Every structure is written in C-alpha cells, then in structure tokens.
There are 2 protein chains.
Amino acid sequence: MSFTGEHHPGVQAPSAETRGFRLNHTMLRVKDPEKALAFYSRIFGMSVVRRLDFEEMGFSLYFLARLEQDDAVPEDAAQRTVWTFSQQGLLELTHNWGTEAQADFAYHDGNAEPQGFGHICFSVPDLDAAEAWFDANDVTFVKRSDQGKMKDVVFVKDADGYWIEVVQADRLAAMGD
Amino acid sequence: MSFTGEHHPGVQAPSAETRGFRLNHTMLRVKDPEKALAFYSRIFGMSVVRRLDFEEMGFSLYFLARLEQDDAVPEDAAQRTVWTFSQQGLLELTHNWGTEAQADFAYHDGNAEPQGFGHICFSVPDLDAAEAWFDANDVTFVKRSDQGKMKDVVFVKDADGYWIEVVQADRLAAMGD
C-alpha cells in the first residue's frame with residue numbers, strides 16, 4: 001500500500017487498535033417496509049440478506065446488500081446474521097411497527113432543517129442509462145445530471161424522501177478542480 | 001450464488017438494469033472537519049482518500065475509507081477521485097465553511113425528533129477490546145455492551161454527536177431470535 005491517506009488538520013495515522021474495523025452499514029428508518037423494499041430492490045437491485053424482528057420492542061430490521069455472483073451468503077439464518085455483520089457497505093432499514101398505517105407520519109430527510117445526515121450514494125457504470133431507468137420507473141428526481149452547478153451528479157428520492165446521489169465514477173475525474 | 005435474498009412483501013429480484021450498481025458512500029455534515037477527522041482517523045482508523053473543495057459554494061467534501069494493505073489507491077489526484085467513486089462503503093463528511101466558528105451551531109443526529117437517519121455501524125474483531133479502546137480515548141458512549149435490551153451492541157457518539165453502532169459479528173448469531 002503506497003497511498004496511506006491525505007494529510008489534513010486533525011488526521012492521524014491508523015492505530016493498531018483499529019485493525020479489522022469495517023464500516024458495516026448505514027441505518028435509515030422507513031415508514032412502510034413494503035414500499036421501501038420495493039424501491040431498493042426494484043430501482044437499485046438490492047437484496048434482503050437478513051430480517052431481524054424484535055417483537056417485545058415492536059420493530060424489525062432489514063439488512064440490504066448488492067449481492068454479487070461470487071458472494072458466499074450462508075443459507076442458515078444464524079450464520080447469515082454473522083455474515084451480514086461481517087460485510088462492508090450495507091443498508092439497514094428500520095421499521096417501527098405501525099407507522100405505515102399513520103396517514104400523517106413521515107421521517108425527516110436530514111436536508112430540510114434541522115440538517116445533519118445528507119444522503120447515501122450509488123456508483124453506477126452508466127449514468128445516462130441509470131437516469132433512463134429511473135424515468136422508466138417514475139423515480140422522483142431532486143436534480144438531473146444536466147441541472148445545477150454540479151454536472152454529472154444525479155440526486156433522486158427514495159420511498160421515504162431520503163436523498164440518493166447517483167454518479168458514474170469516470171465522469172468525475174475533474175470534480176473539485 | 002445460491003442465496004439470492006429473503007422474500008418479503010415488496011421485494012423484487014434484481015433487474016439487469018441495475019448491474020454494477022454499488023453503494024458507494026454515506027454523507028454526514030460535520031461542524032468542524034479538524035475534530036471530525038481526528039475522531040474518525042484516531043478512533044476508527046479511517047484515512048482521507050480524497051478532499052474536494054468547492055470554493056464558489058463554500059464547502060469541502062472529505063471521503064474517508066478503511067484502507068487495507070492490498071488497496072491499490074492511485075497517487076494521482078484525478079485518478080484517485082475516480083477510484084474513490086468506484087468503491088463500496090465509504091464515509092463522506094461535508095464541511096460548510098464557517099460552521100466551526102459558530103459557538104451555538106450543531107448538526108441534528110436524526111435520533112432526537114424529528115427522526116430519520118439513525119446511525120452508521122462498524123464491525124470489529126473484538127468488541128471488548130474496542131470498548132477499552134474507546135474508554136482509553138474518552139469516547140462518549142450512548143450504551144455499552146452490557147447495558148439495555150440489546151446485549152453485545154455498543155453505541156458511541158462521533159465528534160458531531162452522530163451515533164455509531166459497534167458490533168462483533170460472531171457475538172450476534174442469536175440476534176432477533
């Protein structure tokens with residue numbers, strides 16, 4: 001490993017104590033799991049690798065991954081839980097039971113005030129094809145690739161209104177110049 | 001690939017149109033990049049793989065990754081931008097210039113009302129060692145592994161107060177049973 005990171009104020013070299021740490025998932029709360037799962041499976045090709053139910057506390061967790069042909073996902077549920085928590089870059093959707101039936105219920109997207117969380121981002125091989133795919137599926141756009149100051153960057157909304165950035169890596173070489 | 005995903009209401013099989021889609025990053029806004037970078041590099045061993053500055057709009061983006069020995073990260077900045085947007089499971093920190101100097105400024109963590117985003121999660125090889133590491137670095141705990149209903153799950157706060165879940169995969173085999 002030649003490149004070990006950029007030097008900016010605050011940055012320290014990784015310590016041995018952090019060896020093996022892995023950024024496993026990002027958790028978003030969703031109002032209606034049927035709608036959220038339809039969106040992420042249909043539009044972004046994600047699979048549910050594990051659902052965990054917590055009856056006493058009234059919620060369920062859905063762990064979503066982009067499965068590849070060579071992913072050796074265990075069939076056994078307990079083994080699959082361990083596999084799930086060993087991965088990198090998953091999406092966890094939390095469903096607090098009953099919210100889907102509340103007409104006026106909605107989660108906060110983090111971009112309206114008060115701000116905090118901004119978005120998740122998918123990298124795609126062909127941004128034009130992805131935009132056509134979103135249009136064919138009536139996905140709501142925040143911005144298209146030809147709009148705004150940041151060309152070649154698309155933002156769409158998921159079923160709960162969370163923002164999803166969509167980019168094609170090799171169209172961003174000059175970004176930030 | 002034998003296991004292709006659990007079947008739940010709403011779930012569809014991945015379409016060919018989503019081939020090559022990858023969950024690239026999660027974006028969180030941070031008040032003071034020096035404090036945020038100190039936290040994520042020191043406590044979780046993350047490296048800044050690319051900073052992008054947008055002077056006209058007054059913000060900077062920091063892309064953080066857990067670099068492994070065999071990661072072939074390009075030294076060239078433009079190539080490294082393309083590499084960055086090709087990865088899976090990065091963390092993007094957005095700094096809107098000037099917030100670090102505002103005494104009463106703070107971002108919203110998504111767990112207080114209004115709720116939405118919940119947390120990011122790191123998987124670690126040894127949860128007990130990780131807790132000791134957090135204590136040695138005065139990290140703020142939301143809950144320890146022996147507290148609350150969900151044993152073996154730790155939550156700490158980052159420099160902006162966002163929640164970070166920390167788990168050891170092989171201690172969670174019975175989760176949700």
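This is a predicted model: local features need pLDDT of at least 70, side-chain atom pairs count only at pLDDT 80 or more; totals for chains, interfaces and linings use all residues.
**View 1. The contact between chain A and chain B.**
Chain A contributes 96 residues to the contact, and chain B contributes 96 residues. The size of an interface is often given as the accessible area lost when the parts come together. Here about 8,300 Å² is buried between the two chains, with 60% of it on carbon and sulfur atoms. Polar contacts link 52 residue pairs between chain B and chain A, both residues of each pair being at pLDDT 80 or more. Six salt bridges are counted between the chains. A salt bridge joins B:Glu6 to A:Arg50, with 3.8 Å between the closest N and O atoms.

**View 2. Helix H1 of chain A.**
Helix H1 of chain A covers residues 33-42. Its buried residues are A:Pro33, A:Ala36, A:Leu37, A:Phe39, A:Tyr40 and A:Ser41. An α-helix has 3.6 residues a turn, so residues three or four places apart point the same way. At the start of the helix, the backbone nitrogen of A:Glu34 has a side-chain oxygen of A:Asp32 within 3.0 Å.

**View 3. The largest nonpolar core and a separate core.**
In soluble globular proteins, nonpolar side chains tend to be buried together. The largest nonpolar core in this model holds 64 residues. The members that touch the most other members are A:Tyr40, A:Phe44, B:Tyr40, B:Phe44 and B:Phe134. Another core, of 21 residues, lies apart from this one and includes A:Trp83, B:Met150, B:Phe155 and B:Met175.

**View 4. The surroundings of B:Tyr40.**
Residues up to four places away in sequence are left out of this view's contact list. B:Tyr40 touches B:Leu28, B:Gly45, B:Met46, B:Leu64 and B:Leu91, among others. Its contacts also include B:Leu93, B:Ile120, B:Phe122, B:Asp158 and B:Ile164.

**View 5. Cys121 in each chain.**
Is A:Cys121 buried or exposed? A:Cys121 counts as buried because its relative accessibility is 0%, under the 20% cut-off. B:Cys121 is likewise buried, with a relative accessible area of 0%. A disulfide is a covalent bond between the sulfur atoms of two cysteines. Over all chains, the search of the whole structure finds zero disulfides.

**View 6. B:Asp152 and its partners.**
B:Asp152 sits in the loop between strand S6 (141-143) and strand S7 (153-157) of chain B. Its relative accessible area is 22%, so B:Asp152 is partly exposed, a class that lies between 20% and 50%. The side chains of B:Asp152 and B:Arg171 are joined by a polar contact of 2.7 Å. Neighbours within four places in sequence aside, B:Asp152 is in contact with B:Leu127, B:Ser145, B:Val166, B:Val167, B:Arg171 and B:Leu172. B:Asp128 is 24 residues from B:Asp152 in sequence, and their C-alpha atoms are 9.4 Å apart.

A:Asp152 is not a glycine, yet its phi is positive, at about 70°. A:Asp152 lies in the loop between strand S6 (141-143) and strand S7 (153-157) of chain A. With 22% relative accessibility, A:Asp152 counts as partly exposed. B:Asp138, also not a glycine, has a positive phi of about 55°. The loop that holds B:Asp138 runs between helix H3 (127-136) and S6 of chain B. B:Asp138 is classed as exposed because its relative accessible area is 68%, over the 50% cut-off.

**View 7. A:Thr99 in the loop between S4 and S5.**
A:Thr99 belongs to the loop between strand S4 (90-96) and strand S5 (117-123) of chain A. Its relative accessible area is 4%, so A:Thr99 is buried. A polar atom of the A:Thr99 side chain lies 2.7 Å from the backbone oxygen of A:Lys31. Residues up to four places away in sequence not counted, A:Thr99 touches A:Val30, A:Lys31, A:Phe105 and A:Tyr107.

**View 8. The cis peptide bonds at Pro114.**
In chain A, the peptide bond from A:Glu113 to A:Pro114 is cis, with omega near -5°. A:Pro114 is in the loop between S4 and S5 of chain A. In chain B, B:Glu113 and B:Pro114 are joined by a cis peptide bond with omega about -5°. B:Pro114 lies in the loop between strand S4 (90-96) and strand S5 (117-123) of chain B.

Note on methods: Residues are numbered from 1 along each chain as its sequence is written. Chains are lettered from A and ligands numbered from 1 in the order in which they are written. Side-chain values use heavy atoms; hydrogens and water are left out. Buried means under 20% relative accessible area, exposed over 50%, partly exposed in between (1.4 Å probe, protein chains only). Helices (H or I, at least four residues) and strands (E, at least two) are DSSP runs, numbered from the N terminus. A polar contact is a pair of N or O atoms within 3.5 Å; within protein, one must be able to donate a hydrogen and the other to accept it, and residues adjacent in sequence count only if both atoms are side-chain atoms. A nonpolar core is a set of buried Ala, Val, Leu, Ile, Met, Phe, Trp, Tyr and Cys residues joined through side-chain atoms within 4.5 Å. Contact means heavy atoms within 4.5 Å. A disulfide is a pair of cysteine sulfur atoms within 2.5 Å. Buried area is the accessible area (1.4 Å probe) that two parts lose on being put together, summed over both. A salt bridge is a side-chain nitrogen of Lys or Arg within 4 Å of a carboxyl oxygen of Asp or Glu.
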